Amino acid sequence: QVQLVESGGGLVQAGGSLRLSCAASGSIFIINAMGWYRQAPGKQRELVAAITSGGSTNYADSVKGRFTISRDNAKNTVYLQMNSLKPEDTAVYYCNADVELLPGVAYDYWGQGTQVTVSS
């Protein structure tokens, strides 16, 4: 099986920064896309940012210019650098990965979530 372990959440004041990390471990052949989602209370889970194995990225409009997603393929780790944080960024952030356990056999995995709280 595969485990995704997130770290780096916490409480920060508006305008501050946080860096989230998510490390994948287990019986991994290759990891395709990796991404970060978030879910605020009473709202649906939404995509924040995603990155392919080749490094192509896409972002939600609400975080463009403030957040940066990156990955270290050798470490099976994805990062989310969050700058200029706003109270509306407050949510539980989840890591997601499309993992091939065998060539062509891919499954979708999620981390347990990490809380990010931005105070005004």
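**Glu6**

I looked up Glu6 in this predicted model and found that Glu6 is buried but takes part in no salt bridge. The nearest side chain of opposite charge belongs to Arg45, at 7.9 Å. The cut-off for a salt bridge is 4 Å between a side-chain nitrogen of Lys or Arg and a carboxyl oxygen of Asp or Glu.

Which backbone nitrogens lie by the polar side-chain atoms of Glu6? I noted two entries. The backbone nitrogen of Cys95 is 2.5 Å from a polar atom of the Glu6 side chain. For the backbone nitrogen of Gly113 I have 2.4 Å to a polar atom of that side chain.

I placed Glu6 in strand E1, residues 2-7. With neighbours within four places in sequence left aside, I listed the contacts of Glu6: among them are Ser21, Cys22, Trp36 and Tyr93.

I traced the strand order next. E1, E3, E8 and E7 make up an open sheet of four strands in that order, with antiparallel pairing. At the edges I found E1 and strand E7 (67-72), each of which pairs on one side only. On average, neighbouring strands in this sheet are turned by 15 degrees against each other, with direction ignored.

Strand E3 (residues 18-26) runs antiparallel to strand E8 (residues 77-82), and six bridges join them.

**Cys95**

Buried or exposed: what is the state of Cys95? I have a relative accessible area of 0% for Cys95, so the residue counts as buried. I found Cys95 in strand E9, residues 91-102.

**Salt bridges**

How many salt bridges does the structure hold? I count four. In general, side chains of opposite charge can pair when their charged atoms come close.

I started with Asp89 and Arg38, which form a salt bridge with the closest N and O atoms 3.0 Å apart. This pair links distant parts of the chain, 51 residues apart: Asp89 sits in the loop between E8 and E9, and Arg38 in strand E4 (residues 30-39). Asp89 has a relative accessibility of 1% and therefore counts as buried. Arg38 is buried too, at 6%.

Asp89 also meets Arg66 in a salt bridge, at 2.8 Å from N to O. Here I noted a separation of 23 residues, with Arg66 in the loop between strand E6 (57-59) and E7. Asp89 and Arg66 are both buried. Shared partners in the salt bridges join Arg38, Glu46, Arg66 and Asp89 into one network.

I then looked at Lys64 and Asp61, whose side chains meet in a salt bridge at 3.1 Å, N to O. Asp61 counts as exposed because its relative accessibility is 65%.

**Ala60**

I checked Ala60, which lies in the loop between E6 and E7. Its relative accessibility is 18%, so Ala60 counts as buried, the limit for that class being under 20%. Neighbours within four places in sequence aside, I found Ala60 in contact with Leu47 and Val48. As a distance entry, I recorded 21 Å between the C-alpha atoms of Ala60 and Gln112, which are 52 residues apart along the chain.

**Positive phi**

Most residues other than glycine have a negative phi. I noted two entries with a positive value.

Asn76 has a phi near 50 degrees and is in the loop between E7 and E8. With 23% relative accessibility, Asn76 counts as partly exposed.

Ser84 likewise has a phi near 50 degrees, and is a residue other than glycine. I found Ser84 in the loop between E8 and E9. Its relative accessible area is 40%, so Ser84 is partly exposed.

Key:
Residues numbered from 1 in each chain as written. Predicted model: local features only at pLDDT ≥ 70, side-chain atom pairs only at ≥ 80, totals over all residues. Heavy atoms only, no water. Buried < 20%, exposed > 50% of the residue type's maximum accessible area, 1.4 Å probe, protein only. Lys, Arg positive; Asp, Glu negative; His and termini not counted. Polar contact = N/O pair within 3.5 Å; in protein donor to acceptor, adjacent residues only side chain to side chain. Contact = heavy atoms within 4.5 Å. Pairing = 2+ DSSP bridges. Axes fitted to C-alpha atoms, helices over the stretch in contact; angles between N-to-C directions.
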